[in-house]
Each structure stands twice: as C-alpha cells, then as structure tokens.
Amino acid sequence: VTQRPETKAMSDATIKIKNVDQSPLEVRIRLWVLSFSISCISLGYLVLFVLINMVFAVLWSIQDGKCCGDPSMSFRDVFNFAIQTSTTLGYGGFEPDGFYSNVLVVIVSFVSLTLNTLYAGILFL
C-alpha cells in the first residue's frame with residue numbers, strides 16, 4: 001500500500017514575494033490585481049464597461065444630431081448604440097453620422113477592445 005508523505009495542507013501554504021517594493025510597476029500592479037477574487041474582478045469589469053459606455057453615450061447625446069443624425073433619439077437609444085459599438089455587435093439599426101460620431105466610434109472601439117483584452121488576460125492567468 002502506497003501512502004502519501006506527510007505535508008502541510010495547501011490552504012496553509014503561503015507565498016512570500018521578496019523585494020516587491022523594488023519590482024517594476026507592472027509587476028506590482030499585476031500582483032495587486034491578482035489579490036482580488038474572480039467575482040470581484042468580474043464585477044469591476046462590468047461596472048467599468050457600463051461607465052465607459054455611459055460616458056460615450058453622453059458624448060454622443062450632447063451632439064445636435066445625436067450619434068446617428070436623428071435628433072429625436074432618446075438617451076436609451078444612444079446608450080444602446082454605444083453598447084452595440086463597444087461590443088462590436090452592430091445590429092445595423094444605427095450608424096454614426098458625421099466626423100465627430102465616427103471619431104467617437106473609433107475611440108470607444110479601441111477602449112472597449114483594450115478593456116476586454118485585459119479582462120480576458122486576467123481571467124486566464
């Protein structure tokens with residue numbers, strides 16, 4: 001009969017990182033982010049995603065023709081357009097109209113792709 005060697009339980013194991021203060025900033029940020037639970041990181045991602053889209057919806061709303069050349073669009077419609085743009089769904093119901101709207105589309109696309117990539121990278125560490 002084979003027996004397991006006597007070892008401490010994994011829950012008792014601790015990892016000590018030496019010289020954290022001298023580590024590069026990116027390492028310190030990574031260690032800080034990884035100290036949170038996955039559910040906390042996911043909630044933070046969701047909140048940040050909604051906030052980013054709210055900001056862009058406001059930026060489109062202050063424009064005369066809203067985002068799509070229709071001044072009668074409600075904030076809900078503009079927020080819907082922001083979500084569709086940031087998730088790259090693009091149902092085709094709305095399309096940006098004018099230079100200002102097209103620039104915001106490029107910016108929101110870049111920001112959301114960066115946010116999604118960071119979130120996916122953290123999940124698969």
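**Fold and largest pocket**

Tutor: Buried residues, meaning those under 20% relative accessible area with a 1.4 Å probe and protein chains only, make up 24% of the 125 residues in the chain. This is a predicted model, where local features need pLDDT of at least 70, side-chain atom pairs count only at pLDDT 80 or more, and totals for chains, interfaces and linings use all residues. Residues are numbered from 1 along each chain as its sequence is written, and side-chain values use heavy atoms, with hydrogens and water left out.

Student: How many helices and strands does the chain have?

Tutor: There are four helices and zero strands, taking DSSP runs of H or I with at least four residues as helices and of E with at least two as strands, numbered from the N terminus.

Student: What share of the contacts with a separation of 6 or more is between residues 24 or more positions apart?

Tutor: That share is 57%, with a contact being heavy atoms within 4.5 Å.

Student: Switching to pockets. Which residues line the largest pocket?

Tutor: Cys40, Ile41, Gly44, Tyr45, Leu48, Leu115, Leu118, Tyr119 and Ile122. Helix 2 (38-61) and helix 4 (99-123) are the elements that each give two or more residues to this lining.

Student: Which helix gives the largest share?

Tutor: Helix 2, with five residues.

Student: And how do the lining residues divide into nonpolar, polar and charged?

Tutor: Eight are nonpolar, one is polar and none is charged. Here Ala, Val, Leu, Ile, Met, Phe, Trp, Tyr, Cys and Pro count as nonpolar, Asp, Glu, Lys and Arg as charged, and the others, Gly among them, as polar.

Technical notes:
Buried means under 20% relative accessible area, exposed over 50%, partly exposed in between (1.4 Å probe, protein chains only). On a 1 Å grid over the protein atoms alone, a cavity is a set of points where a 1.4 Å probe fits but cannot get out, and a pocket is an open set with protein on both sides within 12 Å along at least five of seven lines; lining residues have an atom within 4 Å of a point.
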